[in-house]
Amino acid sequence: MTRPTGSSTKTPRAASAADTRARRAARGGRSRARQGSAAEQVRAGLRERFAESAALLGEAAAAPREVVHGFRKLMKRVRAIIRLLSDADGLECTFIEQTCRDVARRFSALRDLDVMLAALAARHDAPAYWPADLRQHLLAAREAELARGVLEQPALDEMTAQLGAADAAVAALALEHLSAGKLRRALERSHRKARRALHRCRSTLDDEHFHDLRKRCKRELYQRELLEAVMDLPHRHRTARLDAVCESLGEQQDLAVLRRTIAAAGALTPEL
């Protein structure tokens, strides 16, 4: 039989298969666009935190305690996201992670001393086994730390330059293959690591295990907070729970630091 001129040469089955391939290609394109958008939003979030950190250092003279605490917290957030990127897509982020770690450590001793002084100020009934001159001891240690110049302009300028180098490295990261699925799977791995750390704490009262648990919970919390802003995530209820857990673990860690300080001062008794 002669086919009418101008009619389609495709069979219904072939036409259906072609339409299916076209729909799949369109969905794939939209999916890649969403993935690219999520990855770039993660990059933008990281760079915003670097900008906030640099701006915060400029306020160190006016509000040193707030700057020390806020800066260290921002660096923890950055390191959590950097770890997520590395786990999700095998990205080489060692320079960025180590730079953020090193600049944050410059304030570690000062932050610990401020926390201990605040804990003492909140106590109206200091235990008898605390040394009578503990507050003076901590104040002297804080003055000695300040004398090292950690909050002076040359040190702050050096830290700002280091942040700039890390920010440039973030801007250069190749994120084109970083999919939303990879990010979600990396987040779940963070959650499993936190659960394993919790199991270790249940079998011991070791301060280091609780410190490790706090770090892993904070890492998952900061990763969740950023990802929830750029994509759909399951188990959103975990964010509020993690926040509460981190708060409790933070108090425990502060007491552990105070305990070690008292021990170093030679005033530790069995009661502590």
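Modeller: A salt bridge is a side-chain nitrogen of Lys or Arg within 4 Å of a carboxyl oxygen of Asp or Glu. The model here is predicted, and by this rule the count comes to 16 salt bridges.

Biologist: Why is the contact between Arg79 and Glu97 called a salt bridge?

Modeller: The closest N and O atoms of Arg79 and Glu97 are 2.6 Å apart. The cut-off is 4 Å, so the pair is a salt bridge. Arg79 belongs to helix 2 (residues 64-89) and Glu97 to helix 3 (residues 94-105), so parts 18 residues apart in sequence are tied together.

Biologist: What makes Glu97 buried?

Modeller: Glu97 has a relative accessible area of 14%. Buried means under 20%, so Glu97 is buried. Arg79 has 28%, which lies between 20% and 50%, so Arg79 is partly exposed.

Biologist: Why is the pair Arg224 and Glu188 a salt bridge?

Modeller: The closest N and O atoms of Arg224 and Glu188 are 3.9 Å apart. That is within 4 Å, so the pair counts. Arg224 lies in helix 8 (residues 207-228) and Glu188 in helix 7 (residues 180-202), so the bridge ties together parts 36 residues apart in sequence.

Biologist: How do you know whether Arg224 is buried or exposed?

Modeller: Its relative accessibility is 1%. This is under 20%, so Arg224 is buried.

Definitions and conventions:
Residues are numbered from 1 along each chain as its sequence is written. This is a predicted model: local features need pLDDT of at least 70, side-chain atom pairs count only at pLDDT 80 or more; totals for chains, interfaces and linings use all residues. Side-chain values use heavy atoms; hydrogens and water are left out. Helices (H or I, at least four residues) and strands (E, at least two) are DSSP runs, numbered from the N terminus. Buried means under 20% relative accessible area, exposed over 50%, partly exposed in between (1.4 Å probe, protein chains only).
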